[in-house]
Amino acid sequence: MNVLAVAIALAAAVLFVLAAALQHHAAFHEVRHGLFDVRLLHHPIWIGGQLTDLVGIALHATALQIGALVLVQPIQVSGLPLSVPMEAALNRRRPHRRELGGAALATAGLAAFLVAAPEGGIKHPSGVAWFASGGLVAVTVIGLLALSHHTTGGSRSGASVGLATGVLYGFTAALLKTCTDILATRPLTLPLHWEVYVLIGAGIVGMQLNQSAFQHSSLASPLTAMTLGEPLVSVIIGLTAFHERIRTSPPRLAINFVAALAMAYGIWTTSTTWQPPARRPAAVPPDDQADR
């Protein structure tokens, strides 16, 4: 096991959760709007979350450059239990026991599901592998967004958008791994590779989905779905496109089945617990105020 990659990935995970808590606090207390709205870009707390996120991305990219996807990505769930108390502190409320329990159960389930020593792997998947992975990710994200549109519950809708964001982030992590390797070995050729432009585009879309997910509900629901979706997709891409391997055995398969049930129950728990406080009302235009 690459100890340095694990340590850097752990630091990135903590920064990602802190950034998510700040972004959620800013997004949820703004007037709700549709996808791909940029009005939050001026919010100081949101900007602070973005800057924290950038530092986390830099550490994450470093960990991916020296470690395998199936090693680095599961570590991202390690910060999940911190998300609930962080969000509660920012909103000056006590965290619900079901939120804490759901996040902890989902984290334990994913840890048991994914922790295995990685073996082998390549740096640059084939074009066919990228096309297949990207197509499946696109279909999954579109399906989850459609599900969110037809979901009435705020937490469940937030979980759907959060999972869509996590799926997209899992794909961008795979792209980031390839781009960091190019940057480390052939930096002058980086602008000539299509992966960097797809990474930028997917990152921008992911940021907007992230913002929308945080406007639907408490932090626990979308962040749990997001944090679980990202490593699962990354590991699948790592095993298929990057040809990385993890050791399996019959007992391990049984543990994985129980872990999958724990993850599903943890997501369900966090998505059905929280009742939202009153939002900040929409601003009344000056002309309307004068009419009154």
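Biologist: How many helices and strands does the secondary structure of the protein come to?
Modeller: There are 11 helices and two strands, counted as DSSP runs from the N terminus (H or I of at least four residues for helices, E of at least two for strands). Bear in mind that this is a predicted model, where local features need pLDDT of at least 70, side-chain atom pairs need pLDDT 80 or more, and totals for chains, interfaces and linings use all residues. Residues are numbered from 1 along each chain as its sequence is written, and side-chain values use heavy atoms, with hydrogens and water left out.

Biologist: Okay, and what pattern does the protein follow along the sequence?
Modeller: It reads α-α-α-α-α-β-α-α-α-α-β-α-α.

Biologist: Switching to rings: what's the count of aromatic pairs?
Modeller: Three. Rings of Phe, Tyr and Trp (its six-membered ring) pair if their centres lie within 6.5 Å; planes under 30 degrees apart are stacked, over 60 edge-to-face, and the rest tilted. Trp 130 and Phe 171 are edge-to-face, because their centres are 5.9 Å apart and their planes sit at 85°.

Biologist: Which helices do Trp 130 and Phe 171 lie in?
Modeller: Trp 130 is in helix H6 (residues 127–149) and Phe 171 in helix H7 (residues 154–185), so the pair ties together parts 41 residues apart in sequence.

Biologist: Is Trp 130 buried or exposed?
Modeller: Buried, at a relative accessible area of 3%. The cut-offs are under 20% for buried, over 50% for exposed and partly exposed in between (1.4 Å probe, protein chains only). Phe 171 is buried too, at 8%.

Biologist: And how do Trp 130 and Trp 194 pair?
Modeller: Edge-to-face, with 5.9 Å centre to centre and 90° between the planes. Trp 194 is in helix H8 (residues 194–216), so this pair with Trp 130 of H6 links parts 64 residues apart in sequence. Trp 194 is partly exposed, at 42%.

Biologist: Which residues do the ring pairs link into a cluster?
Modeller: Trp 130, Phe 171, Trp 194 and Phe 242.

Biologist: New topic: in the largest nonpolar core, which residues touch the most other members?
Modeller: Val 137, Val 141, Ile 237 and Phe 242, out of 37 residues. A nonpolar core here is a set of buried Ala, Val, Leu, Ile, Met, Phe, Trp, Tyr and Cys residues joined through side-chain atoms within 4.5 Å.

Biologist: What does H7 give to this core?
Modeller: The largest share, 10 residues.
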